[in-house]
Amino acid sequence: MKPLDPRLVRRIGPARRHILVTAGLGFVTALLILVQALVIARLLAPVLSPVPLADDGLHWWGRIVPEGARTLATGLTVLAAVVAARTAVAWLQERLAHRAGVRVISQLREMVVDHVATRGPRWSAGGRTAEVATLVTRGLDDLLPYFVRYLPQLALAVTVTPVMLVVVLGLDWLSAVIVLVTLPLVPMFMILVGLVTQERSAKHLEAMQRLGARTLDLIEGLPTLKALGRERGPAARVRELGDAQRRATMGSLRVAFLSGMVLELLTTLAVAIVAVTMGFRLIAGEIGIETALAVLVLAPEVYLPLRNVGTHFHASADGLAAADAAFTLLDEKDPARARRSLGAAPDVRGRAIEVTGLAVATPDGTRLAPAALGLVAAPGAVTALRGPNGEGKSTALLALTGLLAPDAGTVAVGGDPVLTDDAAVDEASWLAQVAWVPQRPDLGPAGRTLSLGQRQRRALDRAFDSGRPLVLLDEPTSHLDRASRAEVIARMRALADAGATVVVATHEAEVLEAADAVVEVTAARAEVAP
Amino acid sequence: MSRRDASDLALLRAAIRDTGVRRWAIVRAILAGTMALGSAVGLAAVAAWLIAKAAQMPSPADVALAATVVRFFGISRGVFRYLERLASHDAALRGVVTLRERAYDRLARSGARTVLGLRRGDIVARMGADLDAIGDAVVRAIIPLGVAVTVSAISVAIVAFLLPLAGLALAVCLVLAGVVPAILTARSARIAAVAGARAHAEVSAAALSAMDGATEHRVWGTLDDAAAALRGADRDAEHAHELAARPAAWAAGFQALFSGLALVALVALGVLAVQRGDLDGPSAAVVALLPLAAFEAVGAVPAAIMQYFRSAAAARRLAEMVDETPADEATGPREVPAASSLALDALSVAWPGMEPTPPVSARVDPGQVLAVVGRSGVGKTTLLTTIAGALPPAAGAVTLDGRPSSPADTGTVVAMTAEDAHVFGTTVLENLRVARGDVTEDEAWDALTLVGLDGWVRGLPAGLATELGAGGRSVSGGERRRLLLARAGLAPAPVALVDEPAEHLDDAGADALRAFVTRMRAQGRTVVLVTHDLSLLDLADSVVSLDD
């Protein structure tokens with residue numbers, strides 16, 4: 001996986017700004033680390049050198065921290081200033097990262113929700129709503145550790161590491177060569193370890209997930225077992241499955257931690273080799289103590305960001321996976337948008353709705369529900385849709401709202417088509433005439449504190465009072481007590497008597513009795529995949 | 001003391017004790033971690049000494065040992081880190097397995113009321129993610145904190161041995177760099193737990209409402225309102241996060257500050273000591289450069305504190321789940337009657353905090369069927385749970401053969417099939433054996449034929465041995481209901497309670513229910529059936545309605 005998703009940079013403003021700020025702070029940090037190392041070398045060199053220091057051991061880099069810093073007062077002042085600045089940068093970095101992280105998460109969440117909300121009922125029926133709900137409520141939160149932990153380290157890896165390398169090269173080329181040789185070995189060995197262990201860890205991972213799912217399944221069923229008096233046995237099975245899962249997990253960790261070990265091994269060993277090599281060259285008089293001290297302090301800093309990037313890699317992987325899922329979703333083309341426009345919707349008032357040959361494929365494409373539905377819903381009448389569950393009554397009502405494109409058939413008003421498989425009238429002008437009450441209405445934030453029955457009443461009231469000429473009711477009497485049911489049926493009747501076109505999907509005998517016409521809805525096996 | 005009143009720390013301690021993780025396993029991991037980070041400190045110290053010594057141009061033999069030690073530390077860090085990670089994860093995983101078994105066992109033994117009152121999502125979260133979080137306390141909190149203490153002690157010891165005053169300065173800075181960020185992080189975690197969790201719940205609700213009700217919002221033109229509600233919730237969540245992030249940022253700042261102060265102090269003390277002639281050069285180099293490596297271990301403290309809060313919250317949720325009611329009294333094998341009659345006497349039921357249902361009375365003898373009707377949410381399932389003995393009546397009484405029912409009757413005298421009863425991720429046959437362990441294949445086929453599922457099972461790739469549910473073959477809603485009926489018919493308890501959730505059964509479902517009821521009658525079983533489908537009321541000898 002890429003360390004940085006280009007779509008985050010291109011499409012999410014706060015992410016782009018934050019990445020620039022983080023990179024800037026990375027350079028400041030690099031500069032501060034450099035000054036700190038040079039000051040330490042300046043301060044220690046005079047007391048460690050057996051003879052007075054003749055020349056400037058920091059070469060060109062001495063211009064950043066002049067030789068005056070060799071005195072305790074000056075050197076310590078500079079060092080204290082560096083410490084103060086690093087404190088401020090650490091504070092600022094953490095503060096900005098949190099702020100940017102939550103902004104990016106909010107923005108992505110709003111984009112995904114907005115996108116899904118306009119995808120239409122067919123998409124919702126496709127069975128991905130649970131996955132998207134998890135993504136927007138929990139998954140995207142994984143981006144926070146990505147922004148707070150991983151990204152700053154990544155910024156340091158691309159700023160501090162090269163800066164330090166250049167400085168080391170300027171100070172002591174042989175040390176720079178050691179660093180340059182080991183540096184590419186880090187990614188190389190990590191990739192190599194990854195390749196060698198990939199198959200093994202995939203196998204372990206699969207076993208881990210299977211065993212984990214089995215354990216949870218057993219635990220999930222505990223109330224069922226208790227209700228049948230069979231709850232005592234499975235504890236031992238939980239243990240067995242757990243032990244097997246532990247063995248599989250350890251097997252995969254033994255492999256997974258190898259790459260971490262290679263990373264630590266190479267980076268620490270390289271620093272050790274730099275130190276030892278410089279030691280022997282000091283004895284031979286090939287380099288000075290001031291140079292050696294600066295390089296000794298700088299060498300670990302070259303590797304530190306790389307090590308931290310490795311440490312936070314897993315946190316970042318989850319966040320990036322969530323961002324990837326979000327962008328993939330956002331980039332999906334919505335087929336409904338490609339529909340041809342049939343212009344403004346005709347007036348429904350006083351004209352019959354004609355449905356001919358209406359067919360909608362189920363999400364798995366194996367059935368048509370409804371299949372070839374035909375009906376005429378006259379104004380001033382209640383038309384009931386009847387049929388067993390899953391035959392397509394609710395889907396037929398959704399098609400009448402115009403938000404679900406059928407796979408075949410047309411909906412027309414007094415002969416003017418309003419919906420076909422590839423065309424629809426202007427959405428706003430049609431919806432302004434349609435009142436629809438689904439099963440389990442949502443009502444938005446206002447509906448959250450209400451019971452299902454109360455919400456049903458509230459949603460029905462809204463439809464009855466809306467004055468819209470086409471009223472679509474999906475099982476309006478479920479979740480209601482007997483008295484409310486009678487009242488709902490009476491109001492539905494009154495609405496039709498006042499001239500509205502009412503189409504109702506129902507099982508209830510009382511509702512069917514109140515209807516002027518009853519249409520049987522049936523599904524059929526899809527002959528050819530649509 | 002009830003578990004609920006205990007402090008978070010006590011709860012987490014109890015949970016970790018329950019993992020049975022041996023002290024030695026933790027000590028071993030801390031030792032390995034100490035060797036790993038200690039190697040970094042050692043590398044810094046010996047390398048500083050080596051460079052400073054070499055500057056005095058001694059014979060190469062004088063620094064040969066130091067050079068070897070530097071190389072050793074260069075290798076040992078990675079190796080010991082690897083060993084530490086393996087040791088800590090192994091200890092935690094073993095602990096979680098033990099804890100899960102014990103928690104399962106304790107939950108299974110706890111009152112029927114506790115178990116039947118559990119929501120499916122809750123159990124999975126408690127026994128899955130929450131137990132893992134308790135295990136994480138070992139890996140990500142206890143061991144790093146232990147390593148921080150040992151490595152800091154080693155660093156202080158090295159410096160103090162060379163220059164006592166510098167050792168004191170380092171000790172003070174290390175303690176401050178550990179404790180101050182720990183306090184700030186704890187503050188941040190507390191804010192996040194209260195304000196953050198609330199704001200997060202609001203965001204989730206707004207997002208789900210905007211998506212689930214999308215079609216409704218489009219029809220009624222309220223899409224913008226829903227989006228605005230989500231934006232508002234998001235802004236509130238950002239604000240809550242901002243409050244929590246503030247102390248976290250100070251924690252990061254203070255870590256940098258105290259490690260920097262240590263560096264300034266030790267460089268100054270080292271240089272002064274050499275100038276005064278109290279210390280030789282190489283030792284001063286060790287004192288001055290050690291702070292660069294010594295603070296890595298305490299750097300892990302904030303993350304460990306965050307983990308402590310996560311784990312403690314998990315331990316609390318786990319304790320609360322198990323602590324609802326005392327465990328069942330020890331029950332030996334009980335005499336279960338072959339037939340049992342059931343009476344409801346002005347029975348009114350409620351979960352704590354719920355409005356009690358209107359009182360109902362009925363008597364059902366062996367071979368008879370009682371139907372319970374009522375609108376959704378009125379308490380039909382609660383009534384069944386009470387009849388099953390799992391919940392004490394809010395008023396009135398349930399009697400079985402003339403004696404009051406008790407939690408010990410759940411599953412023995414009264415078998416209940418809840419509307420959300422579980423289909424296990426195992427074979428068709430094992431799913432039926434959930435009712436009774438010794439169901440034979442013939443009995444299984446008989447039960448499946450009764451509910452009209454024989455044809456479906458014959459069509460499955462491995463018949464009775466086909467795996468269902470998670471990871472196996474998916475089961476449609478109708479098939480699931482009929483499979484549960486077949487299972488209910490196989491349970492040996494004399495009283496069967498069946499919660500039929502479908503608002504409208506299809507024909508096959510209705511046929512299955514009729515056949516089931518007929519069979520139960522013939523066997524002289526007592527049946528209570530919850531239904532929404534009024535056309536099925538002719539099956540019952542008596543009907544009670546929970547509607548007012």
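Mentor: Let us begin with the area buried between chain B and chain A, which in this predicted model is about 11100 Å². Carbon and sulfur atoms give 70% of that area.

Trainee: How many residues of chain B are in contact with chain A?

Mentor: On the side of chain B there are 126 residues in contact, and they meet 121 residues of chain A.

Trainee: How many salt bridges does the rule find across the interface of chain B and chain A?

Mentor: The rule finds eleven salt bridges there. In one of the salt bridges of this model, E101(B) pairs with R239(A), and their closest N and O atoms are 3.0 Å apart. Sorted by class, the side of chain B that touches chain A has 72 nonpolar, 26 polar and 28 charged residues.

Trainee: How should I describe two packed helices?

Mentor: Two packed helices are described by the angle between their axes and by the distance between the axes. Consider helix α8 (residues 223–276) and helix α9 (residues 281–289), both of chain B: their axes come within 8 Å and cross at roughly 170°. Angles over 145 degrees count as roughly antiparallel, and α8(B) and α9(B) are therefore roughly antiparallel to each other.

Trainee: Which residues of α8(B) and α9(B) meet?

Mentor: From α8(B), L263(B), L266(B), V267(B), G270(B) and V274(B) take part; from α9(B), G281(B), A284(B), V287(B) and A288(B). By class, this contact has seven nonpolar, two polar and no charged residues.

Notes:
Residues numbered from 1 in each chain as written. Chains lettered and ligands numbered in written order. Predicted model: local features only at pLDDT ≥ 70, side-chain atom pairs only at ≥ 80, totals over all residues. Heavy atoms only, no water. Contact = heavy atoms within 4.5 Å. Buried area = accessible area lost by both parts, 1.4 Å probe. Salt bridge = Lys/Arg side-chain N within 4 Å of Asp/Glu carboxyl O. Nonpolar A, V, L, I, M, F, W, Y, C, P; charged D, E, K, R; others polar. Axes fitted to C-alpha atoms, helices over the stretch in contact; angles between N-to-C directions. Helix = DSSP H or I, 4+ residues; strand = E, 2+ residues; numbered from the N terminus. Parallel < 35°, antiparallel > 145°, perpendicular 65-115°, else oblique.
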